[in-house]
Amino acid sequence: MDTINTILSRRSHRQYLKKDIDEQTINLLLDCGLNASFGGPPKPQCQVTEFIVIRDSDFKSKLAMTYDDRQFIKDAPLLLACCANTNNDPQYNEWLLSSSLSIQNVVIAAESLGMGCCILSCFINHPAHIKDKHYLREVLKLPEGVELVALISIGYKDEREILPEKTYRAKKEVIFNNYYG
């Protein structure tokens, strides 16, 4: 039940304690992310997800860009850039799904270790943010064929953070039997 409780109680956190995350914990989070399901047989060439570990404050500031709702990442002890290396398996078109599963594993692992996270979109398919996408690629020096899927801010939760109430659509609006509707 611990895993289920972690999933059901997880929230996005944007305030963190000024407490470093040790290398062993970072490696554990990365191992959890890399252990996610991915398309194809369990062979290295089928695994497209890769991570960039970011602790440098200058890099975090650049990645926050000018968006007010992203400035909190400057204070996060750890920022992970989750990428999909589409060169690793050029025939595999579901790289976004594979990387998303890795992101979810990292988030659940961090939560179970008493940390909070926030997943930030990186404008993969947003036509109004093409310049932003190119800027992020440039800052992270991503080669051709490596796509930035998301940034994940991670840190020990600041219990003073006020979180908005969590609400969902009614189940009858989102769950169907046998067919849609």
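Modeller: Happy to! Let us begin with a word we will need: a residue is called buried when its relative accessible area is under 20%. Please keep in mind that this is a predicted model.

By that cut-off, Cys118 is buried, because its relative accessible area is 4%. Cys82 is buried as well, with a value of 0%. For Cys82, the nearest cysteine sulfur belongs to Cys83 and is 6.6 Å away. A disulfide needs two cysteine sulfur atoms within 2.5 Å. The sulfur of Cys118 has its closest cysteine sulfur in Cys117, at 8.7 Å, so that pair is too far apart for a bond.

Now for the nonpolar residues. The largest nonpolar core has 25 residues, and Leu80, Ile152 and Ile154 touch the most other members. Helix H2 (23-34), strand E2 (78-85), helix H4 (95-112), strand E3 (115-121) and strand E4 (146-156) each give two or more residues to this core. The most come from H4, which gives six.

Let us zoom in on Leu80. Beyond its neighbours within four places in sequence, Leu80 is in contact with several residues, including Leu30, Phe51, Val106, Ile152 and Ile154. Another core, of 22 residues, lies apart from the largest one; Met65, Leu79, Val146 and Leu151 are among its members.

For contrast, look at the surface: Met1, Ile4, Ile7 and Leu8 form a nonpolar patch there, with about 460 Å² of accessible area together. Ile7, in helix H1 (residues 2-9), counts as partly exposed because its relative accessibility is 43%.

Key: Residues are numbered from 1 along each chain as its sequence is written. This is a predicted model: local features need pLDDT of at least 70, side-chain atom pairs count only at pLDDT 80 or more; totals for chains, interfaces and linings use all residues. Side-chain values use heavy atoms; hydrogens and water are left out. Patches are made of residues with over 30% relative accessible area and no salt bridge: like charges are joined within 9 Å, nonpolar side chains (Val, Leu, Ile, Met, Phe, Trp, Tyr) within 5 Å. Accessible areas come from the Shrake-Rupley method with a 1.4 Å probe; for residues, only the protein chains shown count as cover. A salt bridge is a side-chain nitrogen of Lys or Arg within 4 Å of a carboxyl oxygen of Asp or Glu. Helices (H or I, at least four residues) and strands (E, at least two) are DSSP runs, numbered from the N terminus. Buried means under 20% relative accessible area, exposed over 50%, partly exposed in between (1.4 Å probe, protein chains only). A nonpolar core is a set of buried Ala, Val, Leu, Ile, Met, Phe, Trp, Tyr and Cys residues joined through side-chain atoms within 4.5 Å. Contact means heavy atoms within 4.5 Å.
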